[in-house]
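Hi,

Here is the structure I promised to pass on. Have a look, and my notes on the side chains follow below.

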Amino acid sequence: MEGASYQRFPKVKIRELKDDYAKFELRETDASMANALRRVMIAEVPTIAIDLVEIEVNSSVLGDEFIAHRLGLIPLTSERAMSMRFSRDCDACDGDGQCEFCSVEFHLRAKCINDQTLDVTSKDLYSSDHTVVPVDFSDSSSGFENPEDQRGITIVKLRKGQELRLRAIARKGIGKDHAKWSPAATVTFMYEPEIHINEEMMETLSLEEKTSVVESSPTKVFGINPHTQQVEVVDPEAYTYDDEVLKKVEAMGKPGLVEIYAKEDSFIFTVESTGAVKASQLLLNAIEVLKQKLDAVRLSEDTVEGDDQFGELGAHMRGGG
């Protein structure tokens with residue numbers, strides 16, 4: 001319809017927020033927007049991860065490539081990743097990927113000199129940039145009582161006489177290129193369920209039938225009020241769209257007793273971060289990346305319009321002719 005506008009103004013409401021966990025509502029939008037946000041958080045928000053390893057000495061039981069792989073999977077604090085350059089686009093080092101604008105250098109030196117096994121961990125990595133270091137999981141919530149247990153992520157174990165010396169280069173990247181650059185451990189969303197109980201029809205059921213309806217749900221969605229003996233919705237978001245309750249009321253010959261709908265413009269997100277970026281910053285960075293992608297689409301549309309207006313000249317000026 002001419003003049004119709006499909007512009008929407010999504011709203012976000014934070015329910016729970018920690019450094020590595022966030023739960024929020026996304027309303028007044030559709031599934032395409034929700035899924036785009038989810039995919040960008042997983043695969044296109046940049047972080048920093050070890051990408052090049054030069055091993056000088058390795059007499060451990062693990063091979064060089066095994067250790068290099070383990071180093072790459074260690075999450076690094078990546079607050080400055082958005083402002084860093086991709087090594088392939090860096091003009092300061094001509095794409096070599098080893099300058100202060102596009103990389104961070106790490107060193108590791110460890111040797112076991114006694115009979116006790118030496119654990120080489122992420123805390124043994126020394127960074128050239130104090131803002132980019134291995135993520136520290138040894139906080140008060142980790143459950144460690146003994147400070148000796150707060151040793152970071154184990155890379156390799158050394159016995160007496162074994163040694164490991166290496167240099168590593170960390171670079172900016174995105175999860176689409178390799179999972180080690182993904183800042184998200186998991187990102188999920190679900191449609192917010194809307195549950196209606198036909199109170200008049202429910203009155204015709206016995207207590208045993210009401211109990212069977214409540215217990216037909218694998219999750220604690222419904223409950224029986226001990227005072228009124230009425231079936232109530234305890235936690236609508238525990239519903240997993242399994243349809244078990246609907247099958248139960250159909251089998252009882254009471255269709256319409258319970259009706260469940262998915263709100264098509266309301267979503268509940270759960271975000272878990274690897275620690276490279278805080279969960280709240282991960283959401284903000286994802287929105288920024290999404291805006292950049294939309295700007296690129298808008299620019300390409302303008303370019304197409306320019307080609308329509310100027311014909312072959314416009315395409316030739318962009319190198320396409």
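A quick definition to start: by relative accessible area, buried means under 20%, exposed over 50%, and partly exposed in between (1.4 Å probe, protein chains only). Bear in mind that this is a predicted model, where local features need pLDDT of at least 70, side-chain atom pairs count only at pLDDT 80 or more, and totals for chains, interfaces and linings use all residues. Residues are numbered from 1 along each chain as its sequence is written, and side-chain values use heavy atoms, with hydrogens and water left out.

Cysteines: Cys-102 is buried at 0% relative accessibility. Searching the whole structure turned up zero disulfides (a pair of cysteine sulfur atoms within 2.5 Å). The closest cysteine sulfur to that of Cys-102 belongs to Cys-99, and at 3.6 Å it is too far for a bond.

Aromatics: there are five aromatic pairs in the whole structure (ring centres of Phe, Tyr and Trp, the latter by its six-membered ring, within 6.5 Å; planes under 30 degrees apart are stacked, over 60 edge-to-face, the rest tilted). One of them is stacked: Phe-24 and Phe-269, with 5.0 Å centre to centre and 5° between the planes. These two sit 245 residues apart, Phe-24 in strand β2 and Phe-269 in strand β12 (strands are DSSP runs of E, at least two residues; helices are H or I, at least four; both numbered from the N terminus). Phe-24 is buried at 1%, and Phe-269 is buried at 0%. Ring pairs join Phe-24, Phe-189, Tyr-191, Phe-267 and Phe-269 into a cluster.

Cheers
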